[in-house]
Amino acid sequence: MGARGLAGRLAAARAGALVGREPERAVLDRMLSGAAQAPFVAYLHGPGGIGKSSLVRYAARQAELVGRRVVHVDARFLDADPRRLEEAAAPACTEPGTVLLIDTFEQCQPLETWLRETFLLRLADHAIVVVASRTAPDAEWSLDPGWAQLFTALAVQPLDAAQSHALLAARGVPAEQRGAFVAFAGGSPLALSLAASVPAAAPGAPWYPTGDVLTTLVERLVGDLPSTVHRRALEVVAQAYVTREPLLRKVLGDQDANTVFSWLRQLPYIEATPEGLHPHDAVRATLEADLRWRDPERYDDVRARISLAGLHAVRSATADDALLRVAEWMFLFRDQGGPDNLYNYRTHPHIEDTLLRSEDVPGVLRMAEEAEGSASAAAVAHWLRRQPEAFRVHRYAGSSAPVSFMAILRLDAPLPEDRAEDPVIAAVWDLVEAAAPLGPGEHLGIRRFAVQPGGHQRPSPLMDLISRRTIAEEMRSHGRAVTFTVFEDADRWGRYLAKAGMPEVAAVDVGGLLQHVFGRDWRRQTVEQWVQHRARTAVTPVATWPATASTSGPGDQLPRAAFEDGVLEALRTWQTPREFATSVLLHSHLVPSGSPDPVADLRGAITTALDAIQIDPAGVKAHEALTATYITALRTHKAAARRLGVPYGTYRRHLALAKERLIEQLLRQPATTSTPTPPHSSPEE
């Protein structure tokens, strides 16, 4: 087969693989046909891998089919030198009707003014130009009244779901596997094509992009980065729903945030909107998956920092804006809600969340009766009299009629009439008095009602708002010692709440309807600790409700999962001893009852355990890995691996085994009776 025959077959195959892009192809077809009012220059722009080069190849093939000469210039090899571009594109200046294609123009973007004002004016009659660049064209093309009639900018958008499935079908991907590919790729043809190149997983096994796929995608979608700080900024953008400067400052620090925010705004795969910066879906998915594969602990650390910054954003927002800030925080957990997709992080502008009005009371009571029966309605009536300010009512925009309601009660002492009128509150007070009595200045909060008639408690925009308001209240309240939430539909919501560390603590019959109560003791894990712990993907939920009827003072036996998480959190925060003041391990056997300095005793117990594991060569390696990573606080895990003189993969295995070994030693270790001097930290590498 001749070279020309091969070129023809390649062009035909590429043309057949082009999916969608009907608007862009229509413009190119009009230009090639010489139609009246067709533009002279088409400027394709969009992030890497979005399909610009495929459209350039489409234009080349269609031009050849109608007998036009094609001059194809790859700007990667021009070094932003106008003489080289002029030389490469010279035939378009002499042969009428030539189609000049300039791909990867972002590589010589400084030539844009010269191209517009000088070179294009020399082209032969009836020539047309197609430019493809990651960078959008400058405004002068449209501001100039002459060019405005001859120029069109075509922003190449991601493929929609149907087009993504069609592309995968053309690549031979079985229908049952396409959903995972489409969810990962975010409409990027490059990501879809690379995903399709991965060997099929075993039937029923989940699909994940391989390291090779991720490496290629990062190189093609993102390219080279100026520094580590710029890479870390992208790691934040990939995790956060929207990125603003305050978020970057919280995660990276003031100086680094000032350095990179303006840079981020200029990236072709970052969209700058009034609310902040959003990455292209494929870039977000790729950067997130790449970091999780490359450095799982850093992945969790970035998420924890973003989660804590989200808490601060909720607390500093106005009461109404707090719901939007909560929705942005919940985006971190968009893939952790299970098949029911319980929470939708997007806003619902067609629904209003408002305070209770006096004229709402009949409608609220009617909804309670319809949804949960007369006994529940009687409890609602009691709390409408006692705490009307606790109720929130939802209405559709433009209507005054309530369509759902909720109530978050604040209680600091059990009253006989509350117990008598509401069996759920009676049961809650019994729990608190038996397991976690309130101290001076403390109160409990309970999201008592969540009612949407006809929808029961199925996920919906109304339930989303109820969930957001509940979380906002928890994040913004002061002096709350314990909190509860009540659901009728425990099968659906119980799984989600368990993942969030909020177990079921009671089930109460209210007029023949079983109401399930889920509880959390904030004295066992603070809100700050919870939002960080919640964001870490490789940890078990901390048990946040006492397992026994005893008070949660020093010396209590913690559930093993909570103990393990406490040890890992203590290692991560070793360099900030103040974090130990709220450690769940203060309630473990490691701290003796009545200790005058429980934090010092806890740190001493961990130091003793570290020393004790050095009983064999494996224990020595474990001690070295933990010390290099946490005690001497090297900046990165790769720096710790270099300090230990082992490959990074070997270091990660040593560190995982070291954590297990330390936990087992601490579980066996008796309470500390004295406070050993903790090891000294060495300077950071």
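Predicted model: local features only at pLDDT ≥ 70, side-chain atom pairs only at ≥ 80, totals over all residues.

Student: How many disulfides are found in the whole structure?

Tutor: The search finds 0 disulfides, a disulfide being a pair of cysteine sulfur atoms within 2.5 Å.

Student: Is Cys108 buried or exposed?

Tutor: Cys108 is buried, because its relative accessibility is 0%; buried means under 20% relative accessible area, exposed over 50% and partly exposed in between, with a 1.4 Å probe and protein chains only. Cys93, at 25%, is partly exposed.

Student: Moving on, which residues touch the most other members of the largest nonpolar core?

Tutor: They are Leu217, Val222, Leu234, Leu248, Leu264, Ile306 and Trp329, in a core of 71 residues. A nonpolar core is a set of buried Ala, Val, Leu, Ile, Met, Phe, Trp, Tyr and Cys residues joined through side-chain atoms within 4.5 Å. A second, separate core has 37 residues, including Leu356, Val380, Trp383 and Ala435.

Student: What is Leu248 in contact with, beyond its neighbours within four places in sequence?

Tutor: Its partners include Ala233, Val236, Phe261 and Leu264, where contact means heavy atoms within 4.5 Å.

Student: And where is Ser307 found?

Tutor: Ser307 lies in helix α16, residues 296–316; helices (H or I, at least four residues) and strands (E, at least two) are DSSP runs numbered from the N terminus. Ser307 is buried, because its relative accessibility is 0%. Leaving aside neighbours within four places in sequence, Ser307 is in contact with Trp329, Leu332, Phe333, Val531, Gln532 and Ala535.

Student: Changing topic, which residues of helix α23 are buried?

Tutor: In α23, residues 490–499, the buried ones are Ala490, Trp493, Gly494, Tyr496 and Leu497. They pack against α22 (461–476), β12 (480–487), β13 (504–510), β14 (513–521) and α24 (527–535).

Student: What happens just after α23?

Tutor: Gly501 takes a positive phi of about 80 degrees there.

Student: Last one: which residues of helix α5 are buried?

Tutor: Glu112, Trp114, Leu115, Arg116 and Phe119 are the buried residues of α5, which spans residues 112–119. Their cover includes β1 (41–45), α4 (82–88) and β3 (99–103).

Methods: Residues numbered from 1 in each chain as written. Heavy atoms only, no water.
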